[in-house]
Amino acid sequence: MKSTPLSLIAGTVALAAVTGFAALTAPGGADTPQAGAAARLPVERSTLLCPAPSDSDLSDTTYTSFTPAGEGDGEAGTAELKPSVALPVDEDEPADAEKDEDKDKDSEKDEAKEKAAAEKPVITLKEAGKPATAETSESDAPALIGTATGRLAPGWTAQQTTTSLAGGSRGLLGVSCTAPDTDFWFPGASTTATRQDYVHLTNPDDTAAVADIELYGPEGTLKSDVGEGITVPARSSVPMLISTLTTEAVDDVTVHVTTRTGRVGAVVRVEDDKAGSDWLAASDDPAGTLVLPGIPADATSVRLVAFAPGEDDADVKVQLLGKSATFSPAGNDTLHIKSQMTAGVDLKNVTRGEPGSLRLSPAQGAATPIVAALRVVRGTGDKQEVAYIPATGPVGERATVADNRQKGSVLSLTAPGETAKVKVTASAGSGGGERTVKTYTVKGGTTLEVTPEVPSGLKGGYALTVETESGGQVHAARTLTLAQDGVQMFTVQTLADDGGTVEVPAVEQDLSVLDD
C-alpha cells in the first residue's frame, strides 16, 4: 500500500491552517503535482467577517455576497453569512430569589432563541457569477460570520453598505468584509472630542480570542491601561471606543491590533462631527513602497497619515499617479516618519480636478517598512462627506468588489510601474441581467478612472472583477457615490488579490510505505 508523498501532506496541512483546504486529488490523479513542480490549486474554504453595521435608527444596510464564476469539478459548496452571538448585558437590579428564578427561565428561552437565530443565515449565495443580497434597517443588527466551501470558496467576497441619514454616523459607510487574521494596522484614527472611532473585533471561531490594541501618535506610544488582554468571546464581536483606551486627545493615531490567542476580523468605524462617517479598513502589511489608489477627482481635502513600525525612521517620496503622468505634490514631495511615531500631512486638493492615486516609496537608501492611509473629503461646509483609502496590494491574478449599482460606481485602476492590461467583468445582476466584459490598458505611472459598463438588462446590484492579463502590477479601488440632499455621500473600497488559489509546495520525494 502506498502513502501520499510526505511533502504534499505538509503543504495541504499548511493550507488548511491558513485559508482552508486546497482542492487536491488522490495521488497519481491529474491534479497531483509532479516531483519538483509547484501547483496552484483553488481553496475549498473561505471565512469572512462583517462588523455590526450601525447603531442609528435612521440607517439601512445592504449585504452583498459574490463568488466569481470559475472552472473546476469540485463540490458545489455553500456560502452563508450568519449572525454573531449576542453578548450578555449586565443589569444592576436588587436581588430577589423569585425574580432570579424567572430570569433564569427567561434566560434559557432567550439563549434558545439566540441559538436558533444564529443558525439562520442572513444571506445565502447559491451560485457563482451572480450576487446574492439582503437588507436590514435594525439599529442593533449584529456582526456577521461567514463561511464559503467548495466551488463558492475561491474568490468569495462580501460587501456591507450602510446609508445613515442623521447624527455623527451620517454618510455612506462601505466595507468589504474581512478575513480573520492576527495582525492589523489602522493609520488614520483619532481620539479627539470631534471623533467617535470604534475598532470592531469579531471572532469567527468556537473558542475565545484575546487581543491587544496599541495606539501611536505623533510623539510615540499613547499611554493605555485597558488596551491589553481584550477577550473576544467565541463567535462574537466586541466594539471598542478608541478614545476610551487612552487619556490623550490626538488627531492622527495609528491603531495596531494583534492577538495573543485565536484570530479576529478587525475594522475601524470613524464618526466625524463635521464630515460624517465611514469605515477605515486595515492598511496593507508594512512595506517600503505603498500604493493608495482611487482618490476622487473632486476631492476637496486629502490627508495622508503614515506610520513606521520598525526601529528605523523612514524618509519617503510622495508621488501622485495622475491621469496622464506622475508628479510630486508642491511642497509635499517627501515625508519624514520617525520610528514608531505617526506622521500626518495635508495634501489639500492634490488631484486638482483629475483622478489620482498616491505612491509612497523610499526617498533614498534602503527601504523602511511603513503603513499608510488617506482621509479623503468631498464637498465643503455642511456638505462635507468623508471616506478612507488604506494602502493596498495589487489585484494580482484576480480581485473583486461587490455591491455596484446602475449609477454611482466608478473604478480606478493605477499602474505604478510598467503599463498593464486588465480585464474587467461586470457580473450578472442580483435580480437578473447578462454579464459584460471589457479590457483596459493602464499606462505606467498613471491612474485610469472608468465608469464600468453595467450588465445588459441589469436588475439589482452587480460585482466587478478585475484580472491582470499582461504587463506590470495594477492597484484598484471602487468609489460608490449616492447623492442625498445635495451631499455627495461616498465610500471607497480597495481591491486586492482575492487569494482564490494557493500554491502547493513541490513534491520532493515519494516516501511510500512498502507493502507487507
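A charge is taken to sit over a ring if NZ of Lys or CZ of Arg is within 6 Å of the ring centre and within 35 degrees of the ring normal. Arg378 meets this description, lying over the face of Phe490 at 4.8 Å from the ring centre. The model is predicted, with local features needing pLDDT of at least 70 and side-chain atom pairs counting only at pLDDT 80 or more, while totals for chains, interfaces and linings use all residues. Residues are numbered from 1 along each chain as its sequence is written, and side-chain values use heavy atoms, leaving out hydrogens and water.

The protein chain holds two helices and 38 strands (DSSP runs numbered from the N terminus: H or I of at least four residues for helices, E of at least two for strands). Of its 516 residues, 50% count as buried, that is, under 20% relative accessible area with a 1.4 Å probe, protein chains only.

Turning to the aromatic rings, three pairs are found in the whole structure (ring centres of Phe, Tyr or the six-membered ring of Trp within 6.5 Å; planes under 30 degrees apart are stacked, over 60 edge-to-face, the rest tilted). Tyr216 and Phe307 have ring centres 4.7 Å apart and planes at 40°, so this pair is tilted. Because Tyr216 lies in strand β12 (residues 209-217) and Phe307 in strand β20 (residues 299-307), the pair ties together parts 91 residues apart in sequence. Tyr216 is buried at 8% relative accessibility, and Phe307 is likewise buried, at 0%. Together with Trp185, Tyr216 and Phe307 form one aromatic cluster.
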